[in-house]
Amino acid sequence: MGAFKLEIPCPTKVLEIAADPEPDWSFNALLSELKSLEKKLDVSYKTQSRGLPKWRSVERRPVAFTMRISDDEMEDSESEAEEDHGPSSVVVTRFNCDNIYVSDSDDSVSELALDGQSYLMDEVGLVEGALSELSPQLQIKENIRNQISELEVELMRESGKSHSAFTRIQKYMQARKESDRKFDTQYQRKIAEALDNHLTAIQRDHELKSQIEERRIRSDAAHEEAKRKEKALQEERMRQERAKAEAEAKRKAEEAKMAVLEAERKTAQEAAEKEAAEASKRVASVVPQGDASGQVNVSSVNKNLLSQGPGSNRTDKSESAADIVRAAESALNLEQGRLQKLKKLEEENQALKLSSNVDFSNSERHIARLIRQIRGTQENVRTKSSELIKIFKNPSCPQAISVATFARKVASHCEIPDNAAFACGHVIVLVTSQVPHAMDLLLAEFHRACIYTVPKHVVYLKSAFGSKEAYFKTIGYQEHDGKIESTGDYLKRLESYMKLYGALVQTEIQGIQNTHGPKEGWAWLARFLNTLPANIYTAVALKAFLQTAGFVLFRKYKSQFRKMLNIISNDFLKALKEREDPKLKAVIIEIESYIEDTKFLQEPEGWSLQSSLLSSVMVPDSEPSRGYYYY
């Protein structure tokens, strides 16, 4: 029987691996075969660690093993093989087992091998073999996947770190931006403050320059005004010199005329004496007639001497008194009558207070408070005057005490700098229209506090007063803590009294009679200019009176008042200038300015009573209220 060829019903190679001709081999048989081949081929095994679970990688040289058939079969088939294929027809298949993975312990491998008999190839042996060959590649892919996973985890971790770092960077940037914004705001504030300070300094410099310029303008204006006044003074001086020369010439003519008259008088007197001597001779020749005539003539001569003696003494006394007290006789009589009324009333009130147990101090304080609250509005004047009249008519307090208190408090109110003189004048007129005798008492208080309201002036004579202090007390200086007040303080009080007196005499209220109105003001001005000398006291009194009463006196007397002003300018101011007192310079300028600038044509400040405190602000276009109105 010839040799035959066995072929398996499957592909002879799968992935370059030859199929086994003996599919009944076991795993142990394969191992033994492999060991024998190793011994023959001197192949060494190498192991390799693979991780969890740990597998050893046995590396073998790329030496294939050869599967052979038995010698008997070879002998039987040699001839047929040689016939069919020849010597080269024998097919040798090499199995490349480069990497074989086994477990760490050979025992476990052997135990696994003994669990059951495994065959190299069965119906699916080719797939398992392929998978076993692909397992290293799969392991590598798994390792790659693990590494990729680890890289992804690491990447995620790094990404988280990067994100947190980026978040911190953003927060830091926001903090820096906020800090920079605060620094910018602070810097801008500093710049604004510096700019504001710079602008303030520039504005201050401009204001200072404008003030300097304004002062320069005022100084130039004052200089020009001084030049104008100096020129006017020179013209006035020249006019006065001419008037003086004319007066001197007139005086010389009068003296010559008087000399002629004196000569004529002497001639007439000598002729009368001669005639009297001749008459006496004729009387001596007739004795009876001479006795009777002699007695009659002697008695008539004695009567003339007696009448001349006392009369001459009284004249000397009156002239000496006139040298001390300068005032019109009518003014002195009015002053004396008013002071007597006031003195009599004070004595009666004193007796009434002593005999009565009632305390009238509350009424007195109420009156003083009402006077202090007088303001320059119609409503205030109407309210205060009505309340004062109610107090005068209140039976709980005698009218004599109320009126005396009213007169005293009004006079003392003059010492307050801002005493609302015109409003106070309106209140006085309204009150005295209901209580007429209160006016004389109030004027008496004025005369007692300020002698220039009479008007009256007392001249200093050392023989009459003995000291300056006694003289100052006589004209109204006040004494505080044993010291006489200064002349400046006295002049301020004098001016305040005269302003209130001037406001009183110029007050005119429609429908109400002022018992001491413009007529008495005109009389005061005439008496003042006729009798009072020109000095610092009279100058201040005249200035204050004109500033308050001049407006109404001009409206009432027109050209006559201008004549009065001419007399003041030509005579009174001239006498003041001749004194050459530096203290008089300011008051002279004020009086001259009042006359030259015709300030008597303008309403003095406070003359018009406001309808309310806000009338000038809320209704600026409305007409101001006049000094006369209905009540």
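In this predicted model, helix α14, residues 487–506, packs with α16 at an angle of about 30°, and their axes are 8 Å apart. Angles under 35 degrees count as roughly parallel, and therefore α14 and α16 are described as roughly parallel to each other. Their crossing is right-handed. On the α14 side, the residues making the contact include Y490, L494, M498 and Y501; on the α16 side, they include Y537, V540, A544 and F545. By class, the residues of this contact divide into 15 nonpolar, five polar and three charged.

As for I568, leaving out residues up to four places away in sequence, it touches L529, L542, L546, L573, I591 and I595.

Helix α6, residues 329–355, and helix α9, residues 399–413, pack at an angle of about 125°, with axes 10 Å apart. The two helices are therefore oblique to each other. The crossing of α6 with α9 is left-handed. From α6, the contact involves L345, N349, L352 and K353, and from α9 it involves A400, I401 and A404. These contact residues comprise five nonpolar, one polar and one charged.

Finally, I would like to consider two individual positions. A423 lies in helix α10, residues 421–434. Is A423 buried or exposed? Its relative accessibility is 2%, so A423 counts as buried; the cut-off for buried is under 20%. Beyond its neighbours within four places in sequence, A423 is in contact with I374, R375, G376, V381 and L609. In the case of I374, the C-alpha atoms of the two residues are separated by 6.8 Å, although A423 and I374 are 49 residues apart along the chain.

The other position is S385, in helix α8, which covers residues 378–392. S385 also counts as buried, because its relative accessibility is 4%. Not counting residues up to four places away in sequence, S385 touches V427, L430 and V431.

That concludes my presentation; I would be glad to take your comments.

Methods. Residues numbered from 1 in each chain as written. Predicted model: local features only at pLDDT ≥ 70, side-chain atom pairs only at ≥ 80, totals over all residues. Heavy atoms only, no water. Helix = DSSP H or I, 4+ residues; strand = E, 2+ residues; numbered from the N terminus. Buried < 20%, exposed > 50% of the residue type's maximum accessible area, 1.4 Å probe, protein only. Contact = heavy atoms within 4.5 Å. Axes fitted to C-alpha atoms, helices over the stretch in contact; angles between N-to-C directions. Parallel < 35°, antiparallel > 145°, perpendicular 65-115°, else oblique. Left-handed = near helix turned anticlockwise from the far one by under 90°. Nonpolar A, V, L, I, M, F, W, Y, C, P; charged D, E, K, R; others polar.
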